[in-house]
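I opened the notebook today to look up a few side chains and the cores around them. Here is what I wrote down, in the order I went.

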Amino acid sequence: MFINAKNILFLRYIFLREEIQIVHGHSAFSALAHEGMLIGRLMGLKTIFTDHSLFGFADASAILTNKFLEISLADCNHCICVSHTGKENTVLRAKVLKEKVSVIPNAVDTTLFMPDISKRDDNFITIVIVSRLVYRKGVDLLARIIPDLCSRYKNVQFLIAGDGPKRWLIEEVRERNLLQHRVTLLGSLEHSQIRHVLNKGHIFLNTSLTEAYCMAIVEAASCGLQVVSTKVGGIPEVLPPDLIYLVEPTVPALISGLESAITDYKEGNTRCPFEMHRRISLFYNWFNITKRTEIVYNLVKQENKKNLGQQLASYVQSGVLAYLLVVSLCYIILQILEILVPQKYIDIAKDYAEINVIQPRGDEKED
């Protein structure tokens, strides 16, 4: 890990000024998250890490990432994963005790993602894809599905939101098969615009090759779309079987799943969009997810504070003894900062929730 003394200075100042008790980091690739958790631990704060993705074990990139994650989480108080499959993956690759990992799914803003069937074009069956156009999202499968399905069904059209290095492949398929009027590429959109795209569709297609959770299918179901998705990673845990068509990540299986969804739509064997929305709002509402996260916070707050020796002992188990030098150097920098800028000279941020509102007296006039 590259040590940035300026980051340590700022992180220490923020943690002290805001009276932080828990440092919660996200993403295995976020250098700031891991650095913040390290500084927080050395300052005696509790740390929690949330892992959102699945990683392999074979290629060089995965090996390096997994080892770095193992080192970073060696002294972490608790981990959160968005699915049980994600938990199993994190436990294996980061060598974290399963007792220290909780499963809390992502929430969806169901007040934003609401059905609006008036925006659908009933002259066509619109298949919506909302995804980054990268290999991991199965864009190569999508490129083979589009011309095949368009040749079988003359009233099927595709609406694709998202951008990425694989966009050229979809554009090439569209041009080669003269499907400009049936395949619309919207490019990168703001998250607030996704609802309008989803409400134009009848079926949502997800072709991911690996996925820990997949927020897109939850948002699509919340908008009342039939969901067809590959059966990979944690996706089978996300939606009930009656709200999703799960298929293998192959072209024939995906086409078969889409044909089943199209047939059900034509025959009227689909769920009521508003009933789907109601169920999603019960499964993945922010109040429930926040409450479960709060339980984890209260759990780690009860753990005993570790001294420097105990923290270094935790890192020894990772097998990378050189990392002890990094931790020790960060600790020394923090001690120097305490001498140069003592904690007592740092202004504490006001807690406006505790400030009493001055009520006017009876003899005073209000504006």
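Predicted model: local features only at pLDDT ≥ 70, side-chain atom pairs only at ≥ 80, totals over all residues.

Entry one, Thr126. I found Thr126 in strand S5, which covers residues 125-130. Is Thr126 buried or exposed? I logged Thr126 as buried, because its relative accessibility is 3% and the cut-off for buried is under 20%. Its side chain has a polar partner: I read 2.9 Å to the side chain of Gln157. Looking past the neighbours within four places in sequence, I listed Gln157, Leu159, Lys200, Gly201, His202 and Ile203 as contacts of Thr126.

Which residues touch the most other members of the largest nonpolar core? I got Ile127, Ile146, Leu149, Phe158, Ile160 and Ile170, out of 33 residues. Among the elements that each supply at least two residues of this core are S5, helix H5 (139-152), strand S6 (156-161) and helix H10 (251-267). H5 gives the largest share, 8 residues. Apart from this core I noted another, of 32 residues, including Val128, Val130, Leu159 and Ile235.

Skipping residues up to four places away in sequence, I saw Ile160 touch Ile129, Leu142, Ile146, Ile170 and Val183, among others.

UniProt, in an unreviewed entry, places "domain: PIGA GPI anchor biosynthesis" at residues 8-59. For that span I noted 42% helix and 21% strand, with the end C-alpha atoms 32 Å apart.

Note on methods. Residues numbered from 1 in each chain as written. Heavy atoms only, no water. UniProt positions renumbered as here; feature names shortened; annotations may be inferred. Helix = DSSP H or I, 4+ residues; strand = E, 2+ residues; numbered from the N terminus. Buried < 20%, exposed > 50% of the residue type's maximum accessible area, 1.4 Å probe, protein only. Polar contact = N/O pair within 3.5 Å; in protein donor to acceptor, adjacent residues only side chain to side chain. Contact = heavy atoms within 4.5 Å. Core = buried A, V, L, I, M, F, W, Y, C linked by side-chain atoms within 4.5 Å.
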